[in-house]
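Here's a walk through one model, going from its charged pairs to its strands and its core. Have the sequence and the 3D view open as you read.

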Amino acid sequence: METVKAQKEHVWLQQLLGQWTMEGECDGPPGEPPMKSSGTESVRGLGDLWVVCEGQGSMPGGAPCEMLMTLGYDTAKKAFVGHWAGSMMSGMFVYRGTLDAAGKVLTLDTEGPSFKGDGSTAHYQDVITIKNQDERTLHSQTRQPDGSWQRFMTATYRRAK
């Protein structure tokens, strides 16, 4: 097997490396204000081709949680790939994504359990936006029946000093 050399997409992922703090909010029940969350994230490399993001924090309402995300770039598929799993749910989200032309926004498409709770699945996107070397955002959105996207969660990550 031939070893893959890091491509520009792998180098892009390296900017996520380090220690981060997170402040987030997600939609609350109808008529209620957004629910707040906070936490930390440690992002390390797995060689030069992958990043492993390990987060700890609190769910809206205060319950503790842990999250694990891996991201890489598959040179054969010509796509960013990875997964996300959290201690608060039994399902795992598998990503396939693309980077915008400006090199600032990574959109990761996935499918998972619908918020309806009826056993159906829904299409989601996790969108990572690089603001600068010390700040990035992650927002999550779900596809609506009309094909539009509705954002339900936003988190701001700041590099820990």
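Predicted model: local features only at pLDDT ≥ 70, side-chain atom pairs only at ≥ 80, totals over all residues.

R159 has a relative accessibility of 24%, so it counts as partly exposed. D134 is partly exposed too, with a relative accessible area of 23%.

R158 and E135 make a salt bridge as well, and here the closest N and O atoms are 3.9 Å apart. With R158 in strand β10 and E135 in strand β9, the pair ties together parts 23 residues apart in sequence. R158 comes out at 41% relative accessibility, which makes it partly exposed, and E135 at 23% is also partly exposed.

## A buried pair

The structure holds five salt bridges. One of them joins R136 to E41, with the closest N and O atoms 2.4 Å apart. This one links distant parts of the chain: R136 belongs to strand β9 (residues 135–143) and E41 to strand β2 (residues 35–46), 95 residues apart. Are these two residues buried or exposed? Both R136 and E41 are buried.

As a general point, side chains of opposite charge can pair when their charged atoms come close.

Now for the strands. Strand β3 (residues 50–58) pairs with β4 in the antiparallel sense, over nine bridges. If you want a spot to look at, E54 stands opposite L68 in β4.

β4 goes on to pair with β5, again antiparallel, over eight bridges; M69 has W84 in β5 as its bridge partner. β4 and β5 form a hairpin with four residues between them, and K78 in the turn has a positive phi of about 55 degrees. K77 is also found in the loop between β4 (64–74) and β5 (79–86). Its relative accessible area is 46%, so K77 is partly exposed. Its C-alpha atom is separated by 14 Å from that of L108, a residue 31 places away along the chain.

Strand β6 (residues 92–99) and strand β7 (residues 105–113) run antiparallel and are joined by four bridges. R96 has D109 in β7 as its bridge partner. The hairpin of β6 and β7 has five residues between the strands, and G103 takes a positive phi near 75 degrees there.

How many bridges join β7 to β8? There are nine, and these strands run antiparallel as well. Here T110 stands opposite Y124 in β8.

## The nonpolar core

In soluble globular proteins, nonpolar side chains tend to be buried together. In this model, the largest nonpolar core has 27 residues. Those that touch the most other members are L13, L16, V51, L71, L106, L108 and I128.

Leaving aside residues up to four places away in sequence, I128 touches W12, L71, K104, V105, L106, L108, T137 and L138.

Definitions and conventions. Residues numbered from 1 in each chain as written. Heavy atoms only, no water. Core = buried A, V, L, I, M, F, W, Y, C linked by side-chain atoms within 4.5 Å. Buried < 20%, exposed > 50% of the residue type's maximum accessible area, 1.4 Å probe, protein only. Contact = heavy atoms within 4.5 Å. Helix = DSSP H or I, 4+ residues; strand = E, 2+ residues; numbered from the N terminus. Salt bridge = Lys/Arg side-chain N within 4 Å of Asp/Glu carboxyl O. Pairing = 2+ DSSP bridges.
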